[in-house]
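Welcome, and get your viewer ready. We will take this tour one selection at a time, from the whole chain down to single residues.

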Amino acid sequence: MPGEREVADAGSRDGGAVLPLRRPPIRQSTTVRSDLDHVFTTIVRTIGVWWPLQPMSIGGDRARTVTIDEFTGGRVYETWDDGTTAEWGRLAVWEPPSRFVMSWLNTPEPTEVELSFTSLGPALTRVSVEHRGWEHLSEEQLREDCAAPGGYSSGAYSGGWAAALAACVDVIESTHP
């Protein structure tokens, strides 16, 4: 891509091969005081409650809720006050209660998000998110604003995922059976 930094591949035999610099995925995780099934189900079925629609939505103040269709190929989308829907992505992998993977269309080029769930005990679960595919974006696109200024390049996506995970923990732990 134009403007992308490149590095020589030290492992190549001729020493002259040039490869684009890899853009690392965003990784965030948190621990929740609740069992695996409850955590997975609550995250999926109450995303419209815990997801911070302001400022992290397509529709801004028109956005009212978020829905995850619970099957491979299902949509992840927000619904606005007038019933309009805006798609965030599609589920590429659906493996309850251990993980789901979705395309992420809220970036200048599609990226991918994986949420995984690991039981650490009878009432303790780790929730991890990996947002990857940044190599598909140009340097300019990586700097484009998202919900916060500066996009991927400034760490705004990383901060956004941290805020989303914190919000879901509050809802999960307040509804723990």
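Which pattern does the protein follow when you read along the sequence? Colour the chain by secondary structure and trace it: the order is β-β-β-α-α-β-β-β-β-β-β-α-α-α. In total that comes to 5 helices and 9 strands. Keep in mind that you are looking at a predicted model.

**Stop 1: the whole protein**

Show the surface next. The protein exposes about 9100 Å², and carbon and sulfur atoms supply 51% of that area. Of its 177 residues, 40% count as buried. Now think about how the chain folds back on itself: among contacts with a separation of 6 or more, 45% are between residues 24 or more positions apart.

**Stop 2: the nonpolar core**

Hide the surface and select I43, W51 and F100. The largest nonpolar core has 40 residues, and these three touch the most other members. Then highlight helix α5, residues 156–174, which gives the most to this core, with 8 residues.

Stay with I43 for a moment. Which residues is I43 in contact with, leaving aside its neighbours within four places in sequence? Select W50, L115, F117, V127, C168 and I172 to see them.

**Stop 3: the enclosed cavity**

This stop is about empty space. Rolling a probe the size of a water molecule over the atoms shows where such space is left. How many cavities of 30 Å³ or more are there? The count comes to 1, and about 120 Å³ of space lies in the largest cavity. To find it, select I47, W50, W51, L115 and W161, which are the closest to its centre among the 15 lining residues.

Colour that lining by class and you will find 15 nonpolar residues, no polar ones and no charged ones. Helix α2 (47–50), strand β7 (99–104) and helix α5 each supply at least two residues of this lining. Of the contributors, α5 gives the most, with 4 residues.

**Stop 4: the largest pocket**

Move on to the largest pocket, whose volume is about 330 Å³. Select M56, W104, C146, A147 and Y157: of the 19 residues that line the pocket, these are the closest to its centre. What is the make-up of this lining by class? It has 14 nonpolar, 3 polar and 2 charged residues. Helix α5 turns up again here, with 5 residues, the largest share of the pocket lining.

**Stop 5**

First select G150, in the loop between α3 (139–143) and α4 (151–154). Is G150 buried or exposed? G150 counts as buried because its relative accessible area is 16%, under the 20% cut-off.

Now jump to A166, which sits in helix α5. A166 has a relative accessible area of 43%, so it is partly exposed; that class lies between 20% and 50%.

Conventions. Residues numbered from 1 in each chain as written. Predicted model: local features only at pLDDT ≥ 70, side-chain atom pairs only at ≥ 80, totals over all residues. Heavy atoms only, no water. Buried < 20%, exposed > 50% of the residue type's maximum accessible area, 1.4 Å probe, protein only. Contact = heavy atoms within 4.5 Å. Areas by Shrake-Rupley, 256 points an atom, 1.4 Å probe, with all protein chains shown as cover. Core = buried A, V, L, I, M, F, W, Y, C linked by side-chain atoms within 4.5 Å. 1 Å grid on protein atoms, 1.4 Å probe; cavity = no way out; pocket = protein on both sides within 12 Å on 5 of 7 lines; lining within 4 Å. Points joined across faces, edges and corners; volume = space filled by probe spheres on them. Nonpolar A, V, L, I, M, F, W, Y, C, P; charged D, E, K, R; others polar.
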